[in-house]
Amino acid sequence: MQKKPKQYFGTDGIRGTVGTAPITPDFMLKLGWAVGRVFAKGTSARNKILIGKDTRISGYMFEAALEAGITAAGVDIQLTGPMPTPAVAYLTRTLRAQAGVVISASHNSFEDNGIKLFAGDGTKLPDDVEYAIEEQLGKNLTTVAPQLLGKASRITDAAGRYIEFCKSTVGSELKFNGLKIVVDCAHGSTYHIAPSVFEELGATVTAIGASPDGLNINANSGSTSTEELVKAVLAEKADIGIAFDGDGDRVAMVDHNGEVVDGDEILYIIARDRCRQNINFGGVVGTAMSNLGLELALDALDVPFARTAVGDRYVMADMLNRGWNLGGESSGHIICLDKTTTGDGIVSALQALAAISHSDQPLAELKSNMCKMPQSMINVKIGNKFDLSANKAVNLAVTEVESQLGDKGRVLLRPSGTEPLVRVMVEGEDQNTVVKLAKELAEVVAEEVSAQPFIATI
């Protein structure tokens, strides 16, 4: 029997606008209690949960609320302060915590916030645990006896632990001496981590987007807005630019010519290097949004490729099912399971830098071996949930576009799992044709949902 849809959890935790349900202090208090209750079950031992956050101002408020709820459930807490999402996953596993909580809305602006949860092994929570938490949310909050209340402490060396871990993923013999890198931290949680990682490995680093004030996270910076990084790379005559999103699980790169290198290209570069090093990684898992050029380039390397639904949890599930070690999304969520347990922007960037070092070729040359197909994606804002599959006008428009593309392209319409958007993507051989068809299709969707004007994002 299929379970009913989750009330709060989306494809990547719980996310929304601060002050609008469920992203409110009272809900976070109850959520902390529910999480504590679920992870306190099945053992008489003293359990602990890690809490980390990114740099947005509302993190202080929600950290306090979660702390109150978890301790009320009788579970101890260890606080990391501002820390990348993958760092919390790593620390949860190595410090033997029962779970890790990250207060973050990833690449969204400061007005939003959310919660991501990790199991004790550093992986995203399975569905059954999320259902169990939602079940607890439906109950009345009760507090354990005073002598059983949880305690809170702060991990003072969290940043150092994670920096050393990141460096270990490329081996002690690899050095980036002579490499000039610009690092854009999106005024997010990598601001005090990423520059140190690359500097300690020998690179000369210029850091931008590394002055968080609680309000500027992801603002005109980071992996979703690379214009400032491109300018900095060209102005500094740097070899490479590296951009992370606000919580550090995404990465984008810029070559010395100022050309942006996205997640698909980074995946290819890492896969090609694994092949050259004779490292068996099975194959690569991408998503429905992965560029066709990635699939063709991997095929030329005799590397198997599989697509799954958009979302790193689906990529991870398929990787585990197939026993493969490499996967990710064009957005820059890249998972190297032979290095860590979740998508990690810094670790993924290091794997790409290792490929540059191993091949003694610049980033621009390494990415040139993959020919991206022209792709245009347009976001259409929607006010309510909209059933694309049941709309005749939209289906007719999709059929028309597919007929024009023939077997040289593809169309994808996908509701966002984190924002009130429908993503309209068209891919084909000719850039002008792709842009034209995507715009026409987006206009049809916008008209059908009576949405605000569409916004081109790619």
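Let's start with Lys436, which is partly exposed at a relative accessible area of 46%. In this predicted model, Lys436 forms a salt bridge with Glu440, and their closest N and O atoms lie 2.9 Å apart. Glu440 is partly exposed as well, with 33% relative accessibility. Because the two residues sit 4 residues apart in helix H14 (residues 431–449), about one helical turn separates Lys436 from Glu440.

## A network of shared partners

Elsewhere, salt bridges with shared partners connect Asp12, Arg15, Lys116, Lys124, Asp247, Asp249 and Asp312 in one network. One of its pairs is Arg15 and Asp12, whose side chains meet at 3.7 Å, N to O. Arg15 and Asp12 are both buried.

## A link between helices H5 and H6

Another pair to look at is Lys167 and Glu200, joined by a salt bridge of 2.6 Å from N to O. This pair ties together distant parts of the chain: Lys167 belongs to helix H5 (residues 158–168) and Glu200 to helix H6 (residues 194–200), 33 residues apart. Lys167 has a relative accessible area of 17%, so it counts as buried, whereas Glu200 is partly exposed at 44%.

## Totals and confidence

The structure as a whole contains 23 salt bridges. As for confidence, the protein chain has an average pLDDT of 93, and 96% of the residues reach at least 70.

Please take care with residues 451–458, where pLDDT stays under 50. For that stretch the model has 22 contacts beyond four places in sequence.

Note on methods. Residues numbered from 1 in each chain as written. Predicted model: local features only at pLDDT ≥ 70, side-chain atom pairs only at ≥ 80, totals over all residues. Heavy atoms only, no water. pLDDT = per-residue confidence, 0-100. Contact = heavy atoms within 4.5 Å. Salt bridge = Lys/Arg side-chain N within 4 Å of Asp/Glu carboxyl O. Buried < 20%, exposed > 50% of the residue type's maximum accessible area, 1.4 Å probe, protein only.
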